[in-house]
Amino acid sequence: MNTRIELSGGAPGDDFRAAAARVGGIVTVRFEGTADSTIRPRLETMLGDIHRDALRERTTEVNVDLTKLEFMCSSCLRSFVGWITTIQEMESHGRYTVRFVSSRELLWQKRSLQALSAYAGDIVRVQLV
Amino acid sequence: LDRESAHFELFFSPRTILISVVRRFVTDFYREALDDTDLVSRMTLTTHELLENAVKCCKSGETHLTISVGHDPERPQVVIETRNRADACDLEALRARFHEMQDSSDAASYYQTTMRRCAGRTDGSGLGLARIWAEGDMSLSHAIVGDSVLIQASVRVPRPNP
């Protein structure tokens, strides 16, 4: 079963894009542009959809590609914290990991992902490219 | 460009879409003015978070953003400030966040505590200030006079090699 979930910015000049796709057992979510506070409500909905899909399909890992995400504000970071907390609070047998693919050139990603790893080292994986 | 100092001020009615425009300007400007990509990254994060905070809390009128970089050994060398008017409840919440930070042992543990608290919340959580403190590695202070609030983030940086 293949699933696609897409999200784009709503305001003029807003360059944010996100797309999630499941191909077989692998879920990949790609983010682009800037995730500012106007994005947060729709981002939360999207992460909720991804979570429900992951549970339904018994996914073991979701890949989150941030390599084209120029910046993410703390409101959107909070949405990721909420998602990861939801996974953390599940019974261990139903949990899945979240692998963030991060750009070495976007230095904020290194610091934010270190903080997320410290928050939930059992759920968060980080891959630098 | 003069590497010894680089200062700018901006007055504007804050809108979220403009914050990214300012952040990109800060990135481009200080990338040229300073030879320190890590510091510039922390400055742009701080600028974005302070302006997001101003958008959320601004009662009316303009936000005043100031960024200055200097090498006076007696003072912090990078200072980023926002100044705006805010509602009483926002000022009270801000006071509470600063009290919490003062009572906290260190930036990293406060950031983790704030993350835990904000999970699932939709209202203000103070994550932006915690992020500036921990990820931006900045000192934070504030001043409230009437309904005006000033938030200052600052850091000392090593003098560039000649």
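A polar contact is a pair of N or O atoms within 3.5 Å; within protein, one must be able to donate a hydrogen and the other to accept it, and residues adjacent in sequence count only if both atoms are side-chain atoms. This is a predicted model, in which local features need pLDDT of at least 70, side-chain atom pairs count only at pLDDT 80 or more, and totals for chains, interfaces and linings use all residues. Residues are numbered from 1 along each chain as its sequence is written, and side-chain values use heavy atoms, with hydrogens and water left out.

Begin with chains A and B together. Between them, 17 residue pairs are in polar contact, both at pLDDT 80 or more. On the side of chain A that touches chain B, the elements giving two or more residues are strand 4 (61–72), helix 2 and helix 3.

Next, select E70(A) and R24(B). Their side chains form a salt bridge (2.8 Å, N to O), a term for a side-chain nitrogen of Lys or Arg within 4 Å of a carboxyl oxygen of Asp or Glu. The count between the two chains is 4 salt bridges.

Now move to helix 4 of chain B, residues 107–118; helices (H or I, at least four residues) and strands (E, at least two) are DSSP runs, numbered from the N terminus. At the start of this helix, a side-chain oxygen of D106(B) comes to within 3.0 Å of the backbone nitrogen of A108(B).

Finally, select A107(B), Y110(B), Y111(B), T114(B), M115(B) and C118(B), the buried residues of helix 4 of chain B (under 20% relative accessible area, 1.4 Å probe, protein chains only).

How values were computed. Chains lettered and ligands numbered in written order. Expected span 1.5 Å × (residues − 1). Buried < 20%, exposed > 50% of the residue type's maximum accessible area, 1.4 Å probe, protein only.
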